Amino acid sequence: MKKLLSSGTLFIWICGLGVAASLLMVFGLLFLIMINGLGFFWPKDLVELTLKDGTTVLGEIHEREIIPHSISPELPEGKGRLLIKIGNRDLYGLDFRWVDEQDIISRAKPPDAVMLERREWGNFYGRVSRILRGDRIVASGTEASWQVLPQLIERANALQEEIQHVEKDLIGDLNYQIEQARLAIRAHELKGERDSPEIAALKRDIAHYEQIYQQYVAKLQALTDQLDDYAVVMQDTSGQETIIPIGLIIKALRPNEMDVMEKCLMYLANVWALLSEEPREANTEGGIFPAIVGTVMMVLMMSIAAVPFGVIAAVYLKEYAHQGWVVRMVRIAVNNLAGIPSIVFGVFGLGFFVYTVGGTIDQLWYPEALPNPTFGTGGILWASLTLALLTVPVVIVATEEGLASVPQEYREGSLALGATKFESILRVILPCALPGILTGFILAVARATGEVAPLMLTGVVKLAPSLPIDSHFPFLHLDRKFMHLGFHIYDMGFQSPNVEAAKPMVYVTTLVLVTVVVTLNLTAITLRNYMRKRMKGAAV
Amino acid sequence: MPSSVDIVSQHPHTTFAHLQDMEPPMPHPLLDSKPKITIEQVDFYYGEKQALFHITLTIPTRKVTAFIGPSGCGKSTLLRCLNRLNDLIEGTRLKGRICLDGQDIYDASMDVTDLRTRVGMVFQKVNPFPKSIYQNVAYGPQLQGIRRRAELDAIVERSLQGAGLWEEVKDRLHQSALGLSGGQQQRLCIARALAVNPEVLLMDEPCSALDPISTAKIEELLHTLKEQLTVVIVTHNMQQAARVSDVTGFFLMGELIEYDDTKKIFTNPSDRRTEDYITGRFG
Ligand SMILES: Nc1ncnc2c1ncn2[C@@H]1O[C@H](COP(=O)(O)OP(=O)(O)OP(=O)(O)O)[C@@H](O)[C@H]1O
Ligand SMILES: [Mg+2]
């Protein structure tokens, strides 16, 4: 026994066990997220269940659960219940329904069962019955109508795209310009001018814009009318009929008829839609594109603020400051800063950045917009700066370590060639410390991407009307509110009225968030390894 | 003279024959010639600890001066005083005067970076920067504001040739300097120092980490270098000091014991301790 202890074998085993346990947890977590997240995109078969009471249920099976014997002793052992997504929220009020396996008489996968993805009310499951144009029947009978449907949907989607274009781009631009002109007039008025020629010109501009606006509105109306031209009459599993305007439909599938190849293609299309589209239905459907953009931009802006600042601070602390008790205290303070709960930073960011700095900026440079705040409210800039504050200690510590690892001979060698201290730092020491700096960057990104709490106080929103980056000058709108994957997860998972429907989206969003973090980190790690190799002289 | 005989027998490659042939006509022919550096009454302190005691000596122009002595006797300290590299260490203090061409280098009017381009240094621990060979050599000239590519190319070639490295690296100038062998790296460090056209080159045990062939190459180099500049070298290798230097100083516990013609030191030292040291009786 004593030998076992002194040889250290036991210790090594305990260490190994610890590592194994951590790995297991990490991979378990990733595995869970992957399984639940990636399954979401797969077009599931539609199952029609006939129940004992004569009714039928049509939908996708989402989950199966064994009912414990203790709860319902009347059921035989091993029986369970199924969670069916029945869709048709406009008819049934709920998307999901539990069905006891006990009650099921037969199951079928009817080839003519149709899944409609809609812009509102979630999916519809049923059969196509007729297609109408106004009151006139264009096609009737399941098969005939199904043949016509795809072209109609395609046309509707094209129309939708055009409507989007008119609404977002054209009218959006116009509104922006009207707002700018209005602010310019207000600015002139604040300067005490009443009827200067500039104001008159601006007013003429506004009148002109408003004229164009009327044209756009007319165009929009025409498009919307076209959209409502056609409608499809759908029959749910019980035979109840509903009229659905084609303009509401995004796509129609008969999943039971699709082969594996088609499903794979559909899978990829779904993935792409998620990544590139905007959210619908209180974020529980549609894509998460704005959240991805918001997260990445916020992290980049955070890095731009935190890394140079942290590096400069570390260089001062390590290379210039006299290594006395003051520097020691500063170091302790910096290390402690990294341990402060992030919500505290959020409160500080709100009080300092948003109200104090932002408020002052508004008074000085945007008085014409008051009382509406421009920078005096949460926005991506303040959120990024708050996170930069949170991560700067990490950068400082890592950079200091990087600087400490630069051999003294390099410093002396550089100085002996007539370099000043500053030149040595810039041209020899910092390049050698780059791996350390990148480590700091990696840690900062990992920390910043995962933070949600401080963002909720400083600028994140459930649904941002526009991205913080667009085609209007100055292209980067630092004052805008933004969406964030972490907050998106919280919002969908815990704030949404339709939890079951949101669940897969939560997993998918988590998966995307993890992917974003991993991608950012891998980029930095690759860069660091490249730098390290260069330092060792193996490459280049 | 038992001392010199001992050394010759210890090391067959070394002959002091040429030294013995010509007896010194004058007591200090070299030391009296035009001095490059004069050191007067220098005391040096690391905080409270005194490392050098009243050092006085003159280093002749375009000669090789060697500092020898047991470990910890202050050779490196003195060498690093000559380009003020000790300024980096907090709490150091120097008393006395060190003059380069008659100008006090510790004077407030002295520009330290300027001094260091005039007095270059090669270190015991080979320290090329983790950059390419070219960038290593061009580093000093670039600091001086030379930006033109052609000019830099010329300086790099000249310096590498001066360090006897050109032929070996001319095809791989833009590869990492860390891929060179130890001896090549040390010659690269010499080339790097030469690139800024120094008047004095300080070498602190430049060969202690090198194999005999690399050492021989560097020693050969010293012979050509001293036509251009003044070299001060610290070495633990008696044969090396005898082979390469014109003047030798022997240090013990921070004091200069004897400073004279290399020939005289190795054949007829006037101090007993010098003789003991070079014959290997202590140190
Ligand atoms: N940075 C320092 N701080 C304090 N004392 C130092 C420092 N550097 C050297 N010393 C001391 O000064 C004395 C002289 O050191 P120095 O390095 O000059 O010796 P050296 O002759 O070069 O020895 P070696 O042959 O081992 O290189 C030694 O006693 C050493 O302990
Ligand atoms: Mg030494």
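## A walk through chain B and its partner

Set aside the neighbours within four places in sequence, and B:Asp271 is in contact (heavy atoms within 4.5 Å) with B:Ile257 and B:Glu258. This is a predicted model, in which local features need pLDDT of at least 70, side-chain atom pairs count only at pLDDT 80 or more, and totals for chains, interfaces and linings use all residues. Residues are numbered from 1 along each chain as its sequence is written, chains are lettered from A and ligands numbered from 1 in the order in which they are written, and side-chain values use heavy atoms, with hydrogens and water left out.

Stay with B:Asp271 for a moment. This residue sits in the loop between α12 (262-267) and α13 (272-278) of chain B. Helices here are DSSP runs of H or I with at least four residues, strands are runs of E with at least two, and both are numbered from the N terminus. A polar atom of the B:Asp271 side chain lies 2.8 Å from the backbone nitrogen of B:Arg273.

Now step back to chain B as a whole. Its secondary structure comes to 13 helices and 10 strands. The chain has 283 residues, and 56% of them count as buried. Buried means under 20% relative accessible area, exposed means over 50%, and partly exposed is in between (1.4 Å probe, protein chains only). Take the contacts in chain B between residues at least 6 apart in sequence: 68% of these join residues at least 24 apart.

B:Val137 gives a view of the interior. It is found in helix α6 (residues 133-143) of chain B. Is B:Val137 buried or exposed? B:Val137 counts as buried, because its relative accessibility is 0%. Leaving aside neighbours within four places in sequence, B:Val137 is in contact with residues including B:Val156, B:Leu160, B:Leu188 and B:Ala195. B:Ser159, B:Ala191 and B:Arg192 are also among its contacts.

Next, go to ligand 1. There are 13 residues around it, and B:Ser71, B:Lys75, B:Ser76, B:Thr77 and B:His236 come nearest. A residue counts as near when one of its heavy atoms lies within 4 Å. Oxygen atoms of the ligand meet several polar atoms of chain B. A polar side-chain atom of B:Ser71 lies 2.4 Å from one oxygen atom of ligand 1. B:Gly72 uses its backbone, with an N or O atom 2.9 Å from an oxygen atom of ligand 1. B:Lys75 places a side-chain N or O atom 2.8 Å from an oxygen atom of ligand 1.

Turn to the interface with chain A. Here 28 residues of chain B are in contact with 23 residues of chain A. About 2,200 Å² is buried between the two chains, and carbon and sulfur atoms give 59% of it. Buried area is the accessible area (1.4 Å probe) that two parts lose on being put together, summed over both. B:Pro130, B:Tyr139 and B:Leu143 supply 25% of the area that chain B buries against chain A, more than any other three residues.

How many salt bridges cross this interface? The rule finds 2 between chain B and chain A. A salt bridge needs a side-chain nitrogen of Lys or Arg within 4 Å of a carboxyl oxygen of Asp or Glu. A:Glu409 and B:Lys125 meet in a salt bridge through their side chains (3.4 Å, N to O). On the side of chain B that touches chain A, α5 (112-118), β6 (119-122), α6 and α9 (182-194) each supply at least two residues. The residues of that side divide into 13 nonpolar, 9 polar and 6 charged. In this scheme Ala, Val, Leu, Ile, Met, Phe, Trp, Tyr, Cys and Pro count as nonpolar, Asp, Glu, Lys and Arg as charged, and the others, Gly among them, as polar.

Over all chains, the structure holds 39 salt bridges. One of them joins B:Arg187 and B:Glu168, with the closest N and O atoms 2.9 Å apart. B:Arg187 lies in helix α9 of chain B and B:Glu168 in helix α8 (residues 166-169), so the pair ties together parts that are 19 residues apart in sequence. B:Arg187 is buried, at 3% relative accessibility, and B:Glu168 is partly exposed, at 31%. B:Asp87 pairs with B:Arg84 in another salt bridge, again with the closest N and O atoms 2.9 Å apart. B:Asp87 is partly exposed, at 35% relative accessible area, while B:Arg84 is buried, at 12%. Finally, a network of salt bridges links B:Lys36, B:Asp101, B:Arg118 and B:Glu199.

How values were computed
Polar contact = N/O pair within 3.5 Å; in protein donor to acceptor, adjacent residues only side chain to side chain.
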